[in-house]
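Hi,

Here is the structure I promised to pass on. Have a look at it first, and then read my notes below.

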Amino acid sequence: MNLNLEQVLSRELRPVAAPRELWDRVQLGQDVPGPIRARYLGWALAGLAAVLMVGIIWNFRTVPVVAAETDSPQFRSREATEIRGWVKANAGFDVPLRPGSVQLIGASVRNGSAEVVCRVGDRPARLVVSKSRPGPFDGARHHVLSSSWFRGGRALSWIMRGQLYTLACATPEDLKAACFLCHGG
Amino acid sequence: MVLDGNDRALIEACQCGDANAFRTLFEAYQDRVYSIALRYSGDPASAMDIAQDTFLKLLSSIRDFRAEANFESWLYRIVVNRCLDHQRKGRRLAPFIEELFDAVSAPAESVLNRILRDEEAGDVQRIVAKLPPEQRIVVILRYTEGLSYEDIARILGCSAGTVASRLNRAHKALERKLGHLRGVSG
């Protein structure tokens, strides 16, 4: 048996403290009889799914046709740090843009969503970000919700750190390259 | 706070419906129950569901607890069963998520894949969460709770040899998948 493996497992699987909300959850469960609780859970899941779908559709709706580049952003800059700061000041949340190979054009904030406009190669691309409702996908991992062709382009939606992201590009290759918006390179 | 295994008075108070006693019992065991649930499911939201179900089950069935039995083992059995139940319920959703992930991954090339994979690299909990349930629960009870083979066997209702066998298979699988991490090599 590998002692190093045991050490890694003991470290990574160590006990953690239960969230304070657990007691509230237990009390809530006591107040509601089992079958009704199950029904509430069903409705809650259905509601969450509906909220997610509305969020995706809303994000898609706010993503202009990728091929069009006629509208100008409210804030124009080629600097990731400037755009990041402007978005934070105007939208109230952070979009972790990093300097890299993607050519930034600017950003807009509309209806609570931040829209970063950029060019990947010679083609326009957009990243739309909005706050999502608190849920199980609030961690630092990309929880992919959908990947689809959209208005002649490719769109990818995911939730991460309590924010809903939709990246829309002209081609799948642009979508990959646009990852550098937040991942540098 | 950790209850003495022989502290029957508190359990008897719970059996008589004493809400304060149940709160004390909850506070004594909440971290252990939540830790097992979190390490097993790999997901805080699922862990909350499992932990909540565990304590509700504890509350509803504590009258069935026999004084001569070991309370910790009895509680462990409840949380283990909740974990396995949760796994069974979640099985319907998993293929859908995997299909989504595959749909994204298939046309994508190196950059997107790399970003998604990088997040998994070194993520021991994620890899443990992918072990078969019977191996995973043994790993959790061993490394999160530090239980002996005999204790684990008692909780799972199997022999210590079976526990050793499952743990051995889990170790081999984990060594393969975690071999890229510093300090873990076969």
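Helices (H or I, at least four residues) and strands (E, at least two) are DSSP runs, numbered from the N terminus. This is a predicted model, where local features need pLDDT of at least 70, side-chain atom pairs count only at pLDDT 80 or more, and totals for chains, interfaces and linings use all residues. Residues are numbered from 1 along each chain as its sequence is written, while chains are lettered from A and ligands numbered from 1 in the order in which they are written.

Chain A first. Its elements run α-α-α-β-α-β-β-β-β-β-β-α-α from the N terminus, which makes six helices and seven strands. Chain A has 185 residues, and 36% of them count as buried (20 or more other C-beta atoms within 10 Å of the residue's own, with C-beta atoms placed from the backbone).

Now chain B. The axes (lines fitted to C-alpha atoms, for helices over the stretch in contact, with angles from 0 to 180 degrees between N-to-C directions) of α1(B), residues 8-15, and α2(B), residues 19-41, come within 7 Å and cross at roughly 125°. Leu10(B), Ala13(B) and Cys14(B) of α1(B) meet Ala21(B), Phe22(B), Thr24(B) and Leu25(B) of α2(B), a contact being C-beta atoms, placed from the backbone, within 7 Å.

Then there is α3(B), residues 44-61: 18 residues, with Met48(B), Ile50(B) and Phe55(B) among the buried ones.

Cheers

Key: Expected span 1.5 Å × (residues − 1). Buried ≥ 20, exposed ≤ 12 C-beta atoms within 10 Å, placed from the backbone. Contact = placed C-beta atoms within 7 Å.
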